[in-house]
Amino acid sequence: MPARWRILVVDDDTIIRRTLVSNLLNDGFEVMAAESGQSALTMVESSWPDLAILDLMMPGMTGFELSDRLRRYVEIPVIMLTSISDEATTVRGLEQHADDYMTKPYRYPELRARVNKLLTKSYEGGLHPGELVVIDEDLSVNFGQHILLRKGEAIPLEPIELRVLYLLLQTPTVAVATTTLLRKAWGLGEEGDQSSLWVRIRSLRTKLEDNPSKPIYLKTVRGVGYVFDVQPRRGL
């Protein structure tokens with residue numbers, strides 16, 4: 001479990017946004033706050049949240065659209081918090097775009113309970129976006145800060161490199177298909193192919209390995225994809 005969970009709050013209503021942020025901070029959460037979908041997408045380029053609370057009707061990008069784009073970038077639980085309460089919209093939200101759906105006006109203790117339940121359910125026994133993962137005495141990854149720590153040196157990771165490594169560390173020692181990496185690592189309007197994936201893998205190996213031509217950590221599984229072939233000691 002992380003020392004502090006990081007929550008992304010996106011709402012164009014200043015009063016609602018500031019009140020929710022204040023309540024979450026008082027309860028010990030870290031908070032990222034944005035007034036629009038585009039601002040939120042810019043924020044997650046440099047720091048990943050563990051959960052998002054999104055307004056539905058916002059100018060420029062709806063909460064449904066934002067949820068879909070966020071989940072192409074990093075898989076996190078989403079709560080839709082909106083004044084729209086008709087059955088069709090609620091069903092669409094729960095079936096296609098969000099893990100939970102609450103209507104305004106809302107009671108904060110109930111929202112907090114739903115946040116805690118989703119965080120526990122989503123990350124119990126698994127990897128979460130803000131986590132420091134310790135591989136061995138020489139290597140660790142700070143996903144929250146987007147850096148690789150190798151023999152005491154902090155090495156920055158490019159956004160796609162970070163997403164590739166995150167996907168591989170979700171199932172260490174188990175191969176991840178090339179198609180899966182291409183579908184999930186390239187997000188927010190980007191496109192990838194096998195050659196561009198190979199470029200990212202090669203770059204990761206230069207940062208991970210003592211001898212990139214004979215990798216210990218990041219290996220190729222011919223005909224399948226790639227595998228992170230060392231089980232982390234702790235942090236998962």
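Hi everyone, let's start with a cluster: Trp48, Phe143 and Tyr166 come together as one aromatic group. Before going on, a word on the source: this is a predicted model, where local features need pLDDT of at least 70 and side-chain atom pairs count only at pLDDT 80 or more, while totals for chains, interfaces and linings use all residues. Residues are numbered from 1 along each chain as its sequence is written, and side-chain values use heavy atoms, with hydrogens and water left out.

So, how do we describe ring pairs? We give the distance of the centres and the angle of the planes. Rings of Phe, Tyr and Trp (its six-membered ring) pair if their centres lie within 6.5 Å; planes under 30 degrees apart are stacked, over 60 edge-to-face, and the rest tilted.

How many aromatic pairs does a search of the whole structure find? The count is 5. One of them joins tryptophan 5 and tyrosine 123, stacked at 5.6 Å centre to centre with 25° between the planes. Tryptophan 5 sits in the segment before β1 (6-10) and tyrosine 123 in helix α5 (residues 108-123), so this pair links parts of the chain 118 residues apart. Helices (H or I, at least four residues) and strands (E, at least two) are DSSP runs, numbered from the N terminus. Both tryptophan 5 and tyrosine 123 are buried, meaning under 20% relative accessible area, with exposed over 50% and partly exposed in between (1.4 Å probe, protein chains only).

Tryptophan 48 lies in the loop between α2 (37-44) and β3 (51-54), and tyrosine 166 in helix α6 (residues 159-170). Tryptophan 48 and tyrosine 166 are both buried.

Now follow α6 to its contact with helix α8 (residues 194-208): they pack at about 80°, with axes 10 Å apart. The axes are lines fitted to C-alpha atoms, for helices over the stretch in contact, and angles run from 0 to 180 degrees between N-to-C directions.

Last stop, aspartate 55, in the loop between β3 and α3 (63-73). The unreviewed UniProt entry annotates Asp55 as "modified residue: 4-aspartylphosphate"; such annotations may be inferred rather than shown by experiment. Is aspartate 55 buried or exposed? With 6% relative accessibility, aspartate 55 counts as buried. Beyond neighbours within four places in sequence, its contacts (heavy atoms within 4.5 Å) include Asp11, Asp12, Thr82 and Lys104.
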